Amino acid sequence: MNPRDEYELDCSAVIADVWLMLDGECDTTTRERLQHHLDTCGSCLEAYGIEEKVKSLLSRKCGGERAPDTLRDRLKIEIRRTVVIQQLDGDV
Ligand SMILES: [Zn+2]
């Protein structure tokens with residue numbers, strides 16, 4: 001087993017955190033966790049094509065600016081699709 005797995009955040013957990021962040025307040029702990037994962041993993045969100053959106057959302061939302069509903073809706077759709085795909089993969 002890769003020892004990095006012990007402290008590296010699971011990519012699906014990151015997606016779940018993004019989801020939470022979309023619906024909730026800007027949580028510093030969640031934000032730092034996401035930021036750290038993006039810095040160290042750098043492939044999961046990119047693979048979903050939402051890395052840049054999430055990054056801008058992190059800075060914008062935590063800068064006191066609310067994410068536009070259009071971006072919010074788009075992210076929700078993409079994240080939901082991603083989660084569904086991962087669940088399907090997990091069953092195989
Ligand atoms: Zn990842």
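Colleague: Over which residues does pLDDT stay under 50?

Modeller: That stretch is residues 1-7, for which the model has one contact beyond four places in sequence, where pLDDT is the predictor's confidence in each residue, from 0 to 100, and contact means heavy atoms within 4.5 Å. Where pLDDT is low, the predicted coordinates should not be read in detail. This is a predicted model, in which local features need pLDDT of at least 70 and side-chain atom pairs count only at pLDDT 80 or more, while totals for chains, interfaces and linings use all residues. Residues are numbered from 1 along each chain as its sequence is written, and side-chain values use heavy atoms, with hydrogens and water left out.

Colleague: And what is the mean pLDDT of the protein?

Modeller: The mean is 71, and 66% of the residues reach 70 or more.

Colleague: How many helices and strands are there?

Modeller: There are five helices and zero strands, giving the pattern α-α-α-α-α along the sequence; helices (H or I, at least four residues) and strands (E, at least two) are DSSP runs, numbered from the N terminus.

Colleague: Which residues have the most contacts inside the largest nonpolar core?

Modeller: They are Leu45, Ile50, Val54, Leu75 and Ile79, in a core of 16 residues. A nonpolar core here is a set of buried Ala, Val, Leu, Ile, Met, Phe, Trp, Tyr and Cys residues joined through side-chain atoms within 4.5 Å. At least two residues of this core come from each of α1 (11-23), α2 (28-40), α3 (44-48), α4 (51-62) and α5 (69-91), and α1 gives the most, with five residues.

Colleague: Let's take Leu75, then: why does it count as buried?

Modeller: Leu75 counts as buried because its relative accessibility is 0%, and buried means under 20% relative accessible area, exposed over 50%, and partly exposed in between (1.4 Å probe, protein chains only). Leu75 lies in helix α5 and, leaving aside neighbours within four places in sequence, is in contact with Leu22, Ile50, Lys53, Val54 and Leu57. For Leu75 and Ile50, which are 25 residues apart in sequence, the C-alpha to C-alpha separation is 7.4 Å.

Colleague: What about Glu78, buried or exposed?

Modeller: Glu78, which also lies in helix α5, is buried, at 9% relative accessibility. Not counting residues up to four places away in sequence, Glu78 touches Tyr48, Gly49, Ile50 and Lys53.

Colleague: Where is Gly49 found?

Modeller: Gly49 sits in the loop between α3 and α4, and it counts as partly exposed because its relative accessibility is 45%.

Colleague: Changing topic, how many disulfides does the count come to?

Modeller: The count is zero, taking a disulfide as a pair of cysteine sulfur atoms within 2.5 Å. As for individual cysteines, Cys11 is partly exposed at 25% relative accessibility, and Cys41 is partly exposed with a relative accessible area of 24%.

Colleague: And for the protein as a whole, what does the accessible surface come to?

Modeller: The accessible surface is about 6,000 Å², of which 50% belongs to carbon and sulfur atoms; accessible areas come from the Shrake-Rupley method with a 1.4 Å probe, and for residues only the protein chains shown count as cover. Of the 92 residues, 29% count as buried, and among contacts between residues at least 6 apart in sequence, 64% join residues at least 24 apart.
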